[in-house]
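Notebook open, viewer loaded. I want the overall fold, then a few spots looked up one by one.

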Amino acid sequence: MEYNVEQKYEKMKTPLGYQVTEYDCGQATFLNAMRYLFNRGEIPPILIKYITQYTLDTVNIDGQIGKCGTSIYGMEYLTNWIIEHKNSLGINIDIKILKKDEVDINNKELYDYIKDGGVAILRVWSDCEHYVLCTGIDEKYVYIFDPYYLENDEYDDDTKCKMEFNKPFEYNRIVNKERLNENSKEDFAIVKNENSRIILLNRK
């Protein structure tokens with residue numbers, strides 16, 4: 001079925017979405033970055049196709065595709081593919097990857113991207129290495145959309161994290177900044193190893 005590009009709702013944004021398996025946090029988070037930055041009518045369908053194609057690129061020890069989620073290399077390849085093809089895709093986007101010592105929640109570039117209306121894809125701990133979307137930041141808190149759906153009592157005993165269910169277009173977790181920079185494997189602590197990555201995205 002073909003749709004008229006002048007549809008009534010094409011300038012709307014859609015709520016951020018949840019992963020549908022235990023493994024597709026990277027795919028869901030990249031899609032959420034597009035949902036957050038662009039109106040529905042601005043996102044070319046081919047971009048959704050390639051986000052889906054280039055994520056879930058891992059293979060587990062049993063040879064099962066995608067069952068170790070999306071690798072940092074898959075995320076980087078997708079990022080570089082968008083940079084290379086953004087003109088032909090018709091999306092005006094600015095993307096940068098932070099690595100190694102740059103990976104810090106207090107990084108000035110990250111702060112500037114977020115304050116300018118951009119987002120950051122963070123690789124954090126949540127039982128395992130996990131992707132989430134940072135959409136806001138202030139002096140004390142980081143505002144995150146975690147694509148892993150949980151019930152509303154999950155963080156009742158965690159003083160550094162709470163759940164938020166009334167901001168479906170923005171975030172569903174409010175996390176103390178201290179947690180993200182902890183040298184730990186507590187939920188939302190940034191991964192600090194060879195897999196440390198932050199992807200910054202904003203529309204130009």
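My entries follow, from the whole chain down to single residues.

**Ground rules.** I am working with a predicted model, where local features need pLDDT of at least 70 and side-chain atom pairs count only at pLDDT 80 or more, while totals for chains, interfaces and linings use all residues. Residues are numbered from 1 along each chain as its sequence is written, and side-chain values use heavy atoms, with hydrogens and water left out.

**Whole chain.** I looked up the secondary structure and got 5 helices and 7 strands. Helices here are DSSP runs of H or I with at least four residues, strands are runs of E with at least two, and both are numbered from the N terminus. Along the sequence the order reads α-α-α-β-α-β-β-β-β-β-α-β. The radius of gyration is 17 Å, close to the 17 Å of the globule rule for 204 residues, so the chain is as compact as a globular protein of that length. For my own record, that radius is taken over C-alpha atoms, and the rule is 2.2 Å times the number of residues to the power 0.38. The C-alpha atoms fill a box of roughly 50 × 40 × 35 Å along the principal axes.

Next I checked burial: 51% of the 204 residues count as buried. Buried means under 20% relative accessible area, exposed over 50%, and partly exposed in between, with a 1.4 Å probe and protein chains only.

**Helix α3.** I found a kink of about 45° in α3 (residues 72-89), centred on I83. The bend at a residue is the angle between axes fitted to the seven residues ending there and the seven starting there. Buried residues in α3 include W81, I82 and K86. The buried set packs against α1 (25-37), α2 (45-54), β1 (93-99), β2 (119-126), β3 (128-137) and β7. After the helix comes G90, with a positive phi near 80°.

**Strand β4.** How many of the 5 residues of β4 (141-145) are buried? I count 4, so the strand is largely enclosed by the rest of the structure. β4 runs antiparallel to β3, with 4 bridges joining them, and a hairpin of 3 residues links the two. Pairing needs at least two DSSP bridges between the strands. On that side, G136 has Y143 as its bridge partner. I also find 4 bridges from β4 to β6 (173-176), again antiparallel, with R173 as the partner of I144.

**R179.** This arginine sits in helix α5. Is R179 buried or exposed? At 6% relative accessibility, R179 counts as buried. Beyond its neighbours within four places in sequence, R179 is in contact with D158, K160, E186, D187, F188 and A189.

**S196.** Last stop: S196, in the loop between α5 (177-180) and β7 (197-203). With 4% relative accessibility, S196 counts as buried. A polar atom of its side chain lies 2.7 Å from the backbone oxygen of V191, and the side chain also reaches the backbone oxygen of N193 at 2.8 Å. Skipping neighbours within four places in sequence, I list L98, K99, K100, V103 and V191 as the contacts of S196.

Notes:
Polar contact = N/O pair within 3.5 Å; in protein donor to acceptor, adjacent residues only side chain to side chain. Contact = heavy atoms within 4.5 Å.
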